[in-house]
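I opened the model to look up a few contacts and noted what I found. The entries follow in the order I made them.

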Amino acid sequence: MRIHIATDHAGLEFSRTLVDHLTNGGHEVVDHGPAEYDPLDDYPAFCINAAHAVARDQAAGVRALGVVFGGSGNGEQIAANKVRGIRAALVWSMDTAILARQHNDANVISIGARQHTVEEAIRYIDAFIAEPFSGDERHVRRIAQLAEYEQTGDIAGKGVDVVAPDAE
């Protein structure tokens with residue numbers, strides 16, 4: 001599987017360890033940066049680039065997932081979720097790693113490098129990669145609703161408060 005990763009300065013050491021771990025596990029790893037430590041770097045472009053690559057690969061039929069890191073993982077998850085077709089989940093336990101795939105068919109996870117040990121993060125990532133989407137009808141339906149909203153700004157028949165673009 002192709003795994004796209006990105007981080008900021010807080011997760012740089014995690015990402016280097018992760019590249020080795022995933023490569024040794026037979027995955028193709030694409031590192032979207034940063035390449036070197038800069039305590040003032042900005043994570044959004046790195047994470048958005050990784051998310052775009054996941055979305056492009058999946059649209060082309062390539063098996064791909066993404067992993068983004070930061071101090072807490074929150075901003076990195078938010079950045080990845082700005083990309084159409086991405087469902088990024090903040091992971092902080094084995095349950096959240098597994099359920100992100102099983103119930104949400106998440107294609108990117110975000111982990112707080114300052115919140116977990118490298119060993120914990122690797123366990124979460126391995127579980128995320130290994131877990132298949134359940135395909136249960138209720139989960140498929142909900143994911144379709146999210147995609148519909150992403151495309152149209154509405155979920156037909158679900159009572160979404162639609163705001164006219166000029167009213168925002």
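This is a predicted model: local features need pLDDT of at least 70, side-chain atom pairs count only at pLDDT 80 or more; totals for chains, interfaces and linings use all residues.

**Entry 1: Asp42**

Asp42 sits in the loop between β2 (28-31) and α2. I then took the C-alpha to C-alpha distance from Asp42 to Ala97 and got 25 Å. In sequence, Asp42 and Ala97 are 55 residues apart.

**Entry 2: α2 against α3**

Next I checked how α2 and α3 pack. Their axes are 8 Å apart, and the angle is about 50 degrees. I therefore logged α2 and α3 as oblique to each other. The crossing is right-handed. From α2, the contact uses Tyr43, Pro44, Cys47, Ile48 and Ala51. From α3, Gly75, Glu76, Ala79 and Ala80 take part. I sorted the contact of α2 with α3 by class: seven nonpolar residues, one polar and one charged.

**Entry 3: what α3 buries**

Which residues of helix α3 (residues 74-81) are buried? I listed Gly75, Glu76, Gln77, Ala79 and Ala80. I then asked what covers the buried residues of α3. The cover includes helix α2 (43-59) and the strands β3, β4 (88-90) and β5 (108-112).

**Entry 4: α4 against α5**

I turned to helix α4 (residues 94-102) and helix α5 (residues 118-130). They pack at about 25 degrees, with axes 8 Å apart. That angle makes α4 roughly parallel to α5, because angles under 35 degrees count as such. α4 passes α5 in a right-handed crossing. On the α4 side I found Met94, Ala97, Ile98, Ala100 and Arg101 in the contact. On the α5 side I found Arg123, Tyr124, Ala127 and Phe128. By class, the contact of α4 with α5 holds seven nonpolar and two charged residues, with no polar ones.

**Entry 5: aromatic pairs**

How many aromatic pairs are there? I counted one aromatic pair. Phe14 and Phe69 form it, with ring centres 5.4 Å apart and 80 degrees between the planes. I noted the geometry as edge-to-face. The pair links distant parts of the chain, since Phe14 and Phe69 are 55 residues apart. Phe14 belongs to helix α1 (residues 12-24), and Phe69 to strand β3 (residues 64-70). Buried or exposed, Phe14 and Phe69? I found both Phe14 and Phe69 buried.

Terms used:
Residues are numbered from 1 along each chain as its sequence is written. Side-chain values use heavy atoms; hydrogens and water are left out. Axes are lines fitted to C-alpha atoms, for helices over the stretch in contact, and angles run from 0 to 180 degrees between N-to-C directions. Helices (H or I, at least four residues) and strands (E, at least two) are DSSP runs, numbered from the N terminus. Angles under 35 degrees count as roughly parallel, over 145 as roughly antiparallel, 65 to 115 as roughly perpendicular and the rest as oblique. A crossing is left-handed if the near helix is turned anticlockwise from the far one by less than a right angle, and right-handed if clockwise. Contact means heavy atoms within 4.5 Å. Ala, Val, Leu, Ile, Met, Phe, Trp, Tyr, Cys and Pro count as nonpolar, Asp, Glu, Lys and Arg as charged, and the others, Gly among them, as polar. Rings of Phe, Tyr and Trp (its six-membered ring) pair if their centres lie within 6.5 Å; planes under 30 degrees apart count as stacked, over 60 as edge-to-face and the rest as tilted. Buried means under 20% relative accessible area, exposed over 50%, partly exposed in between (1.4 Å probe, protein chains only).
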